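Here are a few notes to go with the model, written for your next look at the viewer. Please read them alongside the coordinates.

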Amino acid sequence: MLRWGLIPFWAKEQSSNYRMINARADTVFSKPAYKAAISRRRCLIPASGFFEWKRGERGKQPYMVRLRSDELFGMAGLWERWESSETGEVIESCAILTTRPNSAVGELHDRMPVIIPPDFYAHWLDPEVRSRDKIAPLLEPYPDEETLIQQVSKEVNNPANDNPSVIQPVE
């Protein structure tokens, strides 16, 4: 299990200043917090969908984004192992990579998670694949035609509402 919110291995403490939940695909090769992880510690974060909100006249409306096939998918992730120099405590943490949106998601937000196609899972996870030119092509937006966006209930905004009805499409 990995803790969401990447803590760079070189951080002096596990301060929330270092916890990063998203890593931008366009800068991941140059940012010190991600350089080592993008070349050696990539992971897949399974999901059935993700949420985005669109501001409207009546406040923010949640939408669930999923695959048209309704299958689970793997979001590109990076993980890191941090160890406290004082206590020896070890935390393994992760972040999701984001990229520019496809045109469908672009109606809701200016970023979207990088979704790795199943045929490329082994390539993404292979620690021997380290060069930018072999990794960067996977960091593109997922195709519009394979993306389904559905308006869902505002009940999803409250973690206490932990039941399947919150992700059912609404008009």
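Which residues line the second largest pocket? The first point takes this up, after a word on conventions. This is a predicted model, in which local features need pLDDT of at least 70 and side-chain atom pairs count only at pLDDT 80 or more, while totals for chains, interfaces and linings use all residues. Residues are numbered from 1 along each chain as its sequence is written, and side-chain values use heavy atoms, leaving out hydrogens and water.

1. The second largest pocket is lined by Ala25, Asp26, Phe29, Thr99, Arg100, Arg111, Arg132, Ala136, Leu139 and Glu140. A pocket here is an open set of points on a 1 Å grid over the protein atoms alone, where a 1.4 Å probe fits, with protein on both sides within 12 Å along at least five of seven lines; lining residues have an atom within 4 Å of a point. Its volume is about 150 Å³, taken as the space filled by probe spheres set on the points, which are joined across faces, edges and corners. By class the lining holds four nonpolar, one polar and five charged residues (nonpolar: Ala, Val, Leu, Ile, Met, Phe, Trp, Tyr, Cys and Pro; charged: Asp, Glu, Lys and Arg; polar: the others, Gly among them).

2. The largest pocket has a volume of about 350 Å³. Of the 15 residues in its lining, Trp4, Asn22, Phe51, Glu52 and Pro113 lie nearest the centre. Strands E4 (50-56), E7 (90-99) and E8 (112-113) each give two or more residues to this lining, and E4 has the largest share with four (strands are DSSP runs of E, at least two residues, numbered from the N terminus). The lining divides into ten nonpolar, three polar and two charged residues.

3. One aromatic pair turns up in a search of the whole structure. The ring centres of Phe51 and Trp53 are 6.1 Å apart and the planes meet at 45°, so the pair is tilted (centres within 6.5 Å; under 30 degrees is stacked, over 60 edge-to-face, the rest tilted; for Trp the six-membered ring is used). Phe51 is partly exposed at 27% relative accessibility, and Trp53 is partly exposed at 33% (buried is under 20%, exposed over 50%, partly exposed in between, with a 1.4 Å probe and protein chains only).

4. Arg42 lies over the face of Trp124, 5.4 Å from the ring centre (the criterion is NZ of Lys or CZ of Arg within 6 Å of the ring centre and within 35 degrees of the ring normal).

5. Asp70 is worth a look: its phi is positive, about 65°, although it is not a glycine. Asp70 sits in the loop between strands E5 (59-67) and E6 (73-83), and counts as exposed because its relative accessibility is 53%.
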